[in-house]
Amino acid sequence: MRLSQFHLATIKETPADAEIVSHQLMLRAGMIRKLGAGIYTWSPLGLRVLQKVAAIVREEMNRAGALELLMPSVQPRELWDETERWQKFGGQLLKIKDRKQQEYCYGPTHEEVITDFARHELNSYKQLPVTFYQIQTKFRDEIRPRFGVMRAREFLMKDAYSFHLDADSMAAEYSNMYSAYTRIFNRLGLRFRAVQADTGAIGGNASHEFHVLADSGEDAIAFSTGSDYAANIELAEAVAPAQARAAASATLTRVATPHQKSIDEVAGFLKVAAEQCVKTMILRGRDGLVALCVRGDHEINEVKAQKLALLAGEFELASEAEIASVIGCAPGSIGPVGLPASVPVIVDRAAAALADFVCGGNQDDSHYCGANWDRDARVSEITDIRKVVAGDPSPDGNGEIRIARGIEVGHVFQLGQNYARAMDATVLDESGQKRVLYMGCYGIGVSRIVAASIEQNFDAAGIIWPDAIAPWRVAICVINPKHDAAVAAAAEALYADLNAGGIEAVLDDRGLRLGQMFADIELIGIPHRVVVSERGLAAGTFEYRSRRASESEAISRQQVFERLA
């Protein structure tokens with residue numbers, strides 16, 4: 001490709017509405033242009049990178065034995081009613097009507113469509129196991145699209161679905177896809193971690209997320225310093241303290257704490273450590289109010305709370321009016337001592353290990369000192385309901401927990417029989433009996449990977465693409481091509497020979513000034529640069545520079561090929 005014949009539209013200024021590095025650099029490099037909120041046009045430059053990512057994903061999915069198909073992006077409501085997700089999926093589901101007023105959605109995912117395909121196409125155990133996949137545009141109506149293509153409403157995704165006769169076969173394919181994902185992200189040149197994750201709106205029995213490690217990541221990842229353990233912070237287990245709870249030694253005393261509401265305020269006022277306090281949150285579940293208690297320096301984990309039997313997956317914060325009516329105080333003074341018998345008290349493991357602690361007094365502007373479980377406050381259940389923090393012991397017993405930021409780029413699920421049972425997807429087994437299919441689901445955010453890669457690979461000058469997904473591997477920069485025939489000819493010959501040798505090169509023959517030409521090549525992230533000049537030809541060398549290097553070096557023509565081989 002010759003840049004004189006290519007649409008390259010870089011800009012110097014950073015757009016004001018671009019919040020993170022990948023969004024800024026993709027706009028400055030001219031890779032994307034905004035059409036609407038969370039909707040982008042991919043330029044020829046951006047599309048080259050996107051297609052490189054998709055090609056690696058496709059190659060590894062094929063290698064893993066998956067079969068590619070293409071499903072409709074517009075899906076009839078009837079399928080979503082079968083799984084009861086038409087309402088459950090929430091506001092992210094873009095709902096549309098045709099001229100006959102029949103309802104459809106623009107697919108955010110394809111569990112219903114692929115299950116419908118399977119129930120019509122698969123009828124015998126002899127056709128199993130089988131995995132289908134597609135690379136297709138999805139749409140999710142994000143309430144606040146941001147960060148460019150990182151959290152866009154329209155995005156390119158690879159989604160795969162496997163079908164099995166039993167759970168063992170499903171688990172085997174899950175392992176196969178896990179390995180395929182590991183190969184994909186290694187080939188993409190990404191630093192990543194696979195972490196245990198919550199199954200969320202997709203549902204299922206087990207799942208792992210694949211996170212690209214980056215400071216700009218929206219997700220927090222907990223990992224062990226002594227093993228391969230890693231989990232999304234929402235799922236990571238907070239183990240119980242090793243030491244037993246000390247015996248009560250203090251007398252329960254009510255203390256006035258005027259205008260002190262938060263844990264930090266109360267701890268500072270009473271001159272105690274936050275970890276010696278208990279904070280209490282009142283939630284409303286299906287059957288009434290529930291109190292959750294954690295140590296003062298910890299936070300309640302909402303995902304864990306949703307799994308509590310007493311909350312049955314549905315809860316919200318109790319209103320101030322409800323709290324005042326049932327407990328008799330404002331939220332800043334709530335504590336477990338003396339709560340009404342109608343309010344169950346669920347205590348986190350770390351909080352349950354405290355003795356002589358400080359807690360709300362259930363009267364405005366008052367707290368208790370010297371409170372103790374069982375003696376002063378009843379306990380309905382002790383369980384893990386908090387977020388892990390750095391320094392916690394690893395759940396597998398090896399090392400300590402550390403926290404890193406990650407960008408989720410892939411997710412694998414063991415769905416079990418949820419969708420197949422809801423949609424009556426069955427096959428006949430060896431004895432001729434109907435068996436409900438088991439399913440797996442495996443997604444990769446293809447367009448998100450482009451942004452995630454930039455978040456790991458950039459400097460002050462611009463993007464630094466890994467070789468595998470760069471729009472071109474090497475840029476040949478020609479100095480003064482219109483006025484020096486020998487330089488132009490040497491550049492043309494090198495360009496032709498590199499491409500003939502399978503090394504994807506782009507020829508910058510635009511005749512720009514040296515500084516502007518180099519700035520563009522660095523901004524768009526070409527991994528290697530070769531400069532052809534009159535001085536170099538006279539010396540029999542080319543000026544070579546790796547995008548990650550700080551200095552250029554003079555090397556021979558043969559060495560150019562050796563460096564790029």
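Buried means under 20% relative accessible area, exposed means over 50%, and partly exposed is anything in between (1.4 Å probe, protein chains only). Welcome to a predicted model, in which local features need pLDDT of at least 70 and side-chain atom pairs count only at pLDDT 80 or more, while totals for chains, interfaces and linings use all residues. Residues are numbered from 1 along each chain as its sequence is written, and side-chain values use heavy atoms, with hydrogens and water left out.

View 1. Look for Ile469 in the loop between strand S26 (462-463) and strand S27 (474-478); helices (H or I, at least four residues) and strands (E, at least two) are DSSP runs, numbered from the N terminus. Leaving out residues up to four places away in sequence, Ile469 touches Val49, Lys52, Val53, Ile56, Leu188 and Ser453, where contact means heavy atoms within 4.5 Å. Val450 is 19 residues away along the chain, with 8.6 Å between the two C-alpha atoms.

**View 2. Helices H1 and H12 pack together.** Here H1 (residues 21-28) meets H12 (residues 446-456) at an angle of about 105°, and their axes are 8 Å apart. Axes are lines fitted to C-alpha atoms, for helices over the stretch in contact, and angles run from 0 to 180 degrees between N-to-C directions. H1 and H12 are therefore roughly perpendicular, a label given to angles of 65 to 115 degrees, with under 35 roughly parallel, over 145 roughly antiparallel and the rest oblique. H1 brings Val21, Ser22, Leu25 and Met26 to the contact, and H12 brings Val450, Ala451, Ile454 and Glu455.

**View 3. Helix H6 and its buried face.** H6 (residues 167-187) has 21 residues and reaches 30 Å from its first C-alpha to its last, close to the 30 Å expected at 1.5 Å a residue. That expected span is 1.5 Å times one less than the number of residues. The buried residues of H6 are Met170, Glu173, Tyr174, Met177, Ala180, Tyr181, Ile184 and Phe185. Seen down the axis, they fall within an arc of 130°, so they line one face of H6; the arc is that of the directions from the helix axis to the C-beta atoms.

**View 4. Leu94 in strand S5.** S5 covers residues 94-97. Leu94 is partly exposed, with a relative accessible area of 26%. Not counting residues up to four places away in sequence, Leu94 touches Tyr104, Cys105, Tyr106 and Phe139.
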